[in-house]
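Colleague: I am new to this one, and I would like to know what stands behind the words you use. Could you take me through it term by term?

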Amino acid sequence: MKKATIKITFLGTCACDFSPKLDKELKDKLDCDARRSSSVLLNDNFLIDCGTHTINSLDILKIDKTKITDLFITHLHSDHYDIDNIKMLAKNHSIPLNLWVREDADIPEILNVNVIKMKSFVRYEVKGAYITSLLANHDQDSFPQHFLIESNDKKIFYGCDGAWILNPTYYYLKDARLDMAILDCTCGDYVGDYRIAEHNTIPMIRQLLPSLKSFGIIDDNTKIYLSHLAPSLHKPHSDTVKIAQEFGAYVAYDGLIQEI
Ligand SMILES: [Zn+2]
Ligand SMILES: [Zn+2]
């Protein structure tokens, strides 16, 4: 019997320095060096974040939006949470779209949307999977959270946006031996960036991975994906792929589909 898998579709992998080309020649095309707002789809029905370009990416990839039952919001920055796009997503649903946010986030009423507030470190059962909200080191006014997704004995950590890993989250994930970790990599391979209290740089990730391994959070089989990259702070995608390869990570790009 084939073992059940989780399909992960990267709909967007950008920080918020969007290329003007996305509105013109790349309107209907995905491009590794002109990334769209970061968002992933898990199987057909769980969406993480619905920001600036999420509807556009779903349309380019010809994904059936009506199959999306649950939308998990990492935080309220507009590249992750765009009310107009959420309205558009919920519009054609026969049953209300579940919108999961951190418990203290203030969300206005949206037609055909059912808001569910998540407490940190509570494991929510959602359609046979388990989703846990984890504390994240990012702009606290945006009510940030990271996610642990568990389904079919597989574990995925989604850590965009956020720098490093907060102490309670680190201890919660001890010995988790994740199958996949998707990490914020907003800044490129240099030191001295002022954003280190909200976003990762490549040197930070280089330092983080061996410690995550020694603490059992990841192991040799964990697939590490870098996402939320700012093109203006990185070399071209093909160069970043080579840099990341040296420390055992992959660089996500828009339209990438992985199964674990
Ligand atoms: Zn962001
Ligand atoms: Zn943010």
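**What the words rest on**

Modeller: A residue is buried if 20 or more other C-beta atoms lie within 10 Å of its own, exposed if 12 or fewer, and partly exposed in between, with C-beta atoms placed from the backbone. Please bear in mind that this is a predicted model, in which local features need pLDDT of at least 70, side-chain atom pairs count only at pLDDT 80 or more, and totals for chains, interfaces and linings use all residues. Residues are numbered from 1 along each chain as its sequence is written, while chains are lettered from A and ligands numbered from 1 in the order in which they are written.

Colleague: What makes the phi of Asn43 worth a remark?

Modeller: Its phi is near 50°, a positive value in a residue other than glycine. Most residues other than glycine have a negative phi. Asn43 lies in the loop between E2 and E3. Phe121 is another case, with phi near 65°, and it sits in the loop between E6 and strand E7 (123–126). Phe121 has 13 C-beta neighbours inside 10 Å, so it too counts as partly exposed.

Colleague: How do you know that E2 and E3 pair, and in which direction do they run?

Modeller: Two strands pair if DSSP finds at least two bridges between them. Strand E2 (residues 39–42) and strand E3 (residues 46–48) are joined by 3 bridges and run antiparallel. Val40, for instance, has Ile48 in E3 as its bridge partner. The names come from DSSP runs, numbered from the N terminus: helices are H or I of at least four residues, and strands are E of at least two. By that count the protein chain has 5 helices and 14 strands.

Colleague: What makes the sheet of 7 strands an open one, and which strands are at its edges?

Modeller: The order is E6-E5-E4-E3-E2-E1-E14, with mixed pairing. Strand E6 (113–118) and strand E14 (257–259) are the edge strands, each pairing on one side only. From one strand to the next, the twist averages 20°.

Colleague: Why is Arg123 called exposed?

Modeller: Arg123 has 10 other C-beta atoms within 10 Å, so it falls in the exposed class. Its place is in strand E7, where it stands opposite Thr132 in E8. E7 is joined to strand E8 (residues 129–135) by 4 bridges, and the two run antiparallel. They form a hairpin with 2 residues between them, and Lys127 in the turn has a positive phi of about 45°.

Colleague: Why is E10 described as largely enclosed?

Modeller: Because 5 of its 6 residues are buried, E10 is largely enclosed by the rest of the structure. Strand E9 (residues 145–151) is joined to E10 by 5 bridges and runs antiparallel to it, with Ile149 opposite Ile156. E10 also has 4 bridges to strand E11 (residues 180–184), and that pair runs parallel. Phe157 has Ala181 in E11 as its bridge partner.

Colleague: Where is there a cis peptide bond?

Modeller: The bond joins Cys160 and Asp161, with omega about 0°. Asp161 is found in the loop between strand E10 (154–159) and helix H3 (167–172). Most peptide bonds are trans.

Colleague: How do you know that the buried residues of H2 line one face?

Modeller: The buried residues are Asn85, Ile86, Leu89 and Ala90. Seen down the axis of H2, they fall within an arc of 135° (taken from the directions from the helix axis to the C-beta atoms), so they line one face of the helix. Their cover includes helix H1 (54–60), E4, E5 and E6; contact here means that C-beta atoms, placed from the backbone, lie within 7 Å.

Colleague: Last one: how do you know that the chain agrees with a compact globule?

Modeller: For 260 residues, such a globule would have a radius of gyration near 18 Å, and the protein chain has 17 Å, which agrees. The radius is taken over C-alpha atoms, and the globule rule is 2.2 Å times the number of residues to the power 0.38. Of the 260 residues, 45% count as buried.

How values were computed
Axes fitted to C-alpha atoms, helices over the stretch in contact; angles between N-to-C directions. Contact = placed C-beta atoms within 7 Å.
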